[in-house]
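Colleague: Can you walk me through this one? I'm new to reading models.

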Amino acid sequence: MGLPPGAEPVPSSSSGSRGRGSRMFGGRGVLVSSASTIVFFALIALVVALAPGSSLVAERFFEPYHLNRSLFGTVTTPSVVGAFVLNIKMFLIAEVFILILALVVAIVRGIPGPVFFPFRAVAVGYTDLFRGVPLILVLYMIGFGLPGLGLKYFSSQSEVTYGVLALVLVYSAYVAEVYRAGIDSVHESQTAAARSLGLSRWQAMRFVVLPQAIRRVIPPLLNDFIGLQKDTALISVLGPIEAARAANIYAAEQFNYGSFVIAAFLFIIVTIPLARFTDRLIERDQRRRRAGAAL
Amino acid sequence: MSTAEAIRLEDVYKSFGETQVLRGVSLRVAPHEVVCLIGASGSGKSTLLKCVNLLEPVDAGRILISGQDITSDGVDVNRVRRRIGIVFQAFNLFPHMTVVRNITLGPEKALGTARAAAEAHALELLERFGLSDKANEYPDRLSGGQQQRVAIVRALAMQPEIMLFDEVTSALDPELVAEVLDVIRELAKGGMTMLIATHEMGFARDIADLVCFLDEGVIAESGAPEAIFTEPSHPRTRQFLQRIVDAGRL
């Protein structure tokens, strides 16, 4: 939907009376689409209202009393929104480490030369391993395994630290591949031009290839971060009271699932702006590419 | 160093996989000399230039720059490349940098020139080639001819001893060719040592001190432009030039 502003056709006088929406369907089409939309949603509302158990669903999931109490917490249950702050914290901390570690892995994977074979092998092995193992297993192994080793430093961290570490390890493997795709997408003639100026291999990477590569992979990176934001909820298996766990505590105590709805809502209001932002970046990128091609 | 040739190729071989591209090329370029390489596409012109700049390693033979063997082991390739400018057919400007940043990147990062000094030099060069008003534009806002002139300036900013040109007008619309060739002519007047692969026969005839006809990876014939263009001795040279004449390009 929606032509980019620059691509809008010049309205001729004969079609001047038509509005913007009518371009898609024509005047009669607007009426039909409005009518069908109204009928469609009215029918769904009717089915939902008449379905057996619908009042029970409303009570268990959408009772304002419970929504409110789980959101702000009670004497015996934690506030879901308060717990959600932990999700955001874990997300932000993990994101920084992921961006760095993944970039290192992607660059190491691309270093040529026989001397660096072991480094490349480690990078490849790392991505293969952590892309293949389910996140929850990595969480178990680190969150339950490391403390069990009884080591001085590595076994005495908080559950949140172990959880973030697991997220970083798993997500860096994915993000490294995203970076690598971006690096590969920069034409080798760019490297040749940089090297011909006497820049070292690393300088060519740093000043010529990476700036172009990273710009191109920002949309897929944001996409991965939407996934990361949601997966912070999995850390609850290690015990920290983040949004999902707080919601679970409320649900278990009050026998009401409104707390889950609240937690879901909190995740959504964070990820939707991120998703729209990603869409906009992609759109802008496409527009620029079209403009570039036209030149 | 003293009286050595600026460039000297001794029996250079280069293959890509099964394909032999250079099959024993020897060539001498004196300081301040302009040598044009002509020949059909695939005759090895571009590969030869890339070997001189060490963008491609040679398989056998030697290349000497001002007497220094740059194909021997342990040569610092970055150091060698700083002495030799190369301009490519496809410009290869850095699209994420403004014109002036394109030009200052090499001096700043490879030579360690301070940014202010590098910038001043870049602006001076842009002025000299009529590009001052483009300093802060991004490459995609420039015409092909302007982009190629910026690419030449970018190479010149490193103050190279030698300039290599790899069919620098082949990707340009016909009306933009002249402005780029004029820049090269000016460099020739200034005494720059140049090795130029080109399809512009009129230009080669004009500017070259020596013309080399490459055919299937060897220099089949070389000589003064008058000799090559008016009385070529090698049958392949005659054939090649005849095709050019038939195409109306000489």
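Modeller: Here is a short tour, from one chain to its contact with another.

Modeller: This is a predicted model, where local features need pLDDT of at least 70, side-chain atom pairs count only at pLDDT 80 or more, and totals for chains, interfaces and linings use all residues. Residues are numbered from 1 along each chain as its sequence is written, while chains are lettered from A and ligands numbered from 1 in the order in which they are written.

Colleague: How many helices and strands are in chain A?

Modeller: Chain A has 12 helices and 0 strands. Helices (H or I, at least four residues) and strands (E, at least two) are DSSP runs, numbered from the N terminus.

Colleague: What share of chain A is buried?

Modeller: Buried residues are 28% of the 295 in chain A. Buried means 20 or more other C-beta atoms within 10 Å of a residue's own; exposed means 12 or fewer, and partly exposed is in between, with C-beta atoms placed from the backbone.

Colleague: Which residues are buried in helix 4 of chain A?

Modeller: In helix 4 (residues 64–72) of chain A, they are A:His66, A:Arg69, A:Ser70 and A:Leu71. Just after helix 4 of chain A, A:Gly73 has a positive phi of about 85°.

Colleague: Switching topic. At what angle do helix 5 and helix 8 of chain A pack?

Modeller: Helix 5 (residues 80–109) and helix 8 (residues 159–185) of chain A pack at about 45°, with axes 6 Å apart. Axes are lines fitted to C-alpha atoms, for helices over the stretch in contact, and angles run from 0 to 180 degrees between N-to-C directions.

Colleague: Why are helix 5 and helix 8 of chain A called oblique?

Modeller: Under 35 degrees is roughly parallel, over 145 roughly antiparallel, 65 to 115 roughly perpendicular, and the rest oblique. Their angle is about 45°, so helix 5 and helix 8 of chain A are oblique to each other.

Colleague: Now the other chain. How many residues does each chain give to the contact?

Modeller: Chain A gives 18 residues and chain B gives 18 residues. Two residues are in contact if their C-beta atoms, placed from the backbone, lie within 7 Å. On chain A, helix 9 (188–196) and helix 10 (201–231) are the elements that give two or more residues.

Colleague: Where is A:Gly198?

Modeller: A:Gly198 sits in the loop between helix 9 and helix 10 of chain A. Leaving aside neighbours within four places in sequence, A:Gly198 is in contact with B:Asn78, B:Arg81, B:Arg82, B:Gly106, B:Ala110 and B:Met158.

Colleague: Why does A:Gly198 count as buried?

Modeller: A:Gly198 counts as buried because it has 24 C-beta neighbours inside 10 Å.
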